[in-house]
Amino acid sequence: MTAAVSISAPPAFPLAQRMSRMKASAVREILKVAERPDVLSFAGGLPAPELFPVEAIAQAHAEVFAQEGRAALQYSTTEGYGPLREWIASHLGERGLHVAADQVLITNGSQQGIDLVAKVMLDPGDVVLVENPSYLAALQTFSGYEVSFSVVGSDDDGMRVDELERFVTAGRKPKLIYLVPNFQNPKGTTLSLERRHALVRFAQRHRILILEDNPYGELRFRGEHLPSLASLDTEGVVVNLGTFSKTLAPGLRIGWAVGPREIIRALTVVKQSTDLHTATVAQRATARLLSRFDYNAHLDQLRAVYGERCLAMIGSLERHMPAGTRWTQPDGGMFIWVELPRGMSADTLFPLALEKRVAFVPGSPFFASEPRTEFMRLNYSNRPPELLEEGMRRLGAVIASQQ
Ligand code: PMP
């Protein structure tokens, strides 16, 4: 499902070697088609826009311009706006991750955190260990640094940490372990507590940096909060990425990286040459918003709505999917991972589904090794229950027609 970036032939200029490894995102291409207004799309990883706190964000921006306009429009430090870093450090502390504000680097979304860590850590030929399947845009980022992947399988409890030891072979020792421990993209599954401990011990034993990407952790709608890998680590082997994209709004483009000071320093140097700093206006407005907005009440509302939508989608899947179809049971986040009945390919199904005005993301691009075609990713956060029901009815009929 991935296509190499197409360049006009003959190219006006020869592109860098690494471009031969950079793939145009199949998902972006799919989203373009799925955006047709008559299509019920479950393809995008989109938060519910009706829950964006638009008024509060607008007011915070208005106040920034009225009260600190000149400072907000000036260049600022690469590390990020002090009060925002402090708020994030204190908020993470409430979640059991105790860091000082100077260990927080504000990034342009957590996507930039992934890129900065890759740039700081990875040389061509290095090995990155990822769960399989894994977040597609992280795979793309790593590919741009000309690395190779070791892929470890996952089950309903997340990455198969018990298999890791066999990946530490001579010449193939990973330089970085990348994973999404909470409500993973694309599977929706969560790494168990036991595996969290085992993974941190493994990384400490072998001195391998873990990149813990946690955009969905706050969106738990059932079960107990699990400690972050970073909070279990006492030896500085974890960089933890967070973001306001799924809790406030992705358009703000504000995320953060926290971790050992020397890594944060290196990330800061690299960010300086990448974009100097994250937009000052957005940082100041977000800090202002958080200083008086009831963020926890807002999170409770998101959790309630997403929990309801997840259960609604599962109910609709139970009603409409033919026998032999299976799916994950997320406790939070935005995605369900569906396994099609034996022998069926989501890649083949996609155009047929589109004809019936329903869309999903075929699972194949999420695999860092051999693509597997029998899976699809469904997003439930972006549609109310009645449209989830109608969408699953259409999708179930398409799948049944192929049996
Ligand atoms: N990591 C994961 C696992 C994601 O799903 C996403 C968003 N799709 C990101 C990182 C990037 O999020 P942002 O840059 O908006 O914070």
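1. Let's start at the ligand: helix α4 (residues 109-121) gives the most to the shell around it, three residues. Helices here are DSSP runs of H or I with at least four residues, strands are E runs of at least two, and both are numbered from the N terminus. By class, the shell holds four nonpolar, six polar and three charged residues. Asp, Glu, Lys and Arg count as charged, Ala, Val, Leu, Ile, Met, Phe, Trp, Tyr, Cys and Pro as nonpolar, and the others, Gly among them, as polar.

2. Before going on, keep in mind that this is a predicted model: local features need pLDDT of at least 70, side-chain atom pairs count only at pLDDT 80 or more, and totals for chains, interfaces and linings use all residues. Residues are numbered from 1 along each chain as its sequence is written, and side-chain values use heavy atoms, with hydrogens and water left out.

3. Of the 13 residues around the ligand, S110, D213, Y216, T243 and S245 come nearest; a residue is near if one of its heavy atoms lies within 4 Å.

4. Now the polar contacts (pairs of N or O atoms within 3.5 Å). The side chain of D213 puts an N or O atom 2.6 Å from a ligand nitrogen. On its own the ligand has 400 Å² of accessible area, and the protein covers 90% of that (Shrake-Rupley method, 1.4 Å probe).

5. L290 counts as buried because its relative accessibility is 5%; buried means under 20%, exposed over 50%, and partly exposed in between (1.4 Å probe, protein chains only). The C-alpha atoms of L290 and W87 are 7.9 Å apart, although 203 residues separate them along the chain.

6. Check the cis peptide bonds too. One joins N132 and P133, with omega about 5 degrees, and P133 sits in the loop between β5 (127-132) and α5 (136-144). Another joins N185 and P186, with omega about 20 degrees; P186 is in the loop between β8 (176-179) and α6 (193-206).

7. Finally, two arginines. R207, not a glycine, has a positive phi of about 50 degrees, and lies in the loop between α6 and β9 (209-213). R207 counts as exposed because its relative accessibility is 53%. R253 also has a positive phi, about 55 degrees, in the loop between β10 (238-243) and β11 (255-258); at 32% relative accessibility, R253 is partly exposed.

Definitions and conventions
A polar contact is a pair of N or O atoms within 3.5 Å; within protein, one must be able to donate a hydrogen and the other to accept it, and residues adjacent in sequence count only if both atoms are side-chain atoms.
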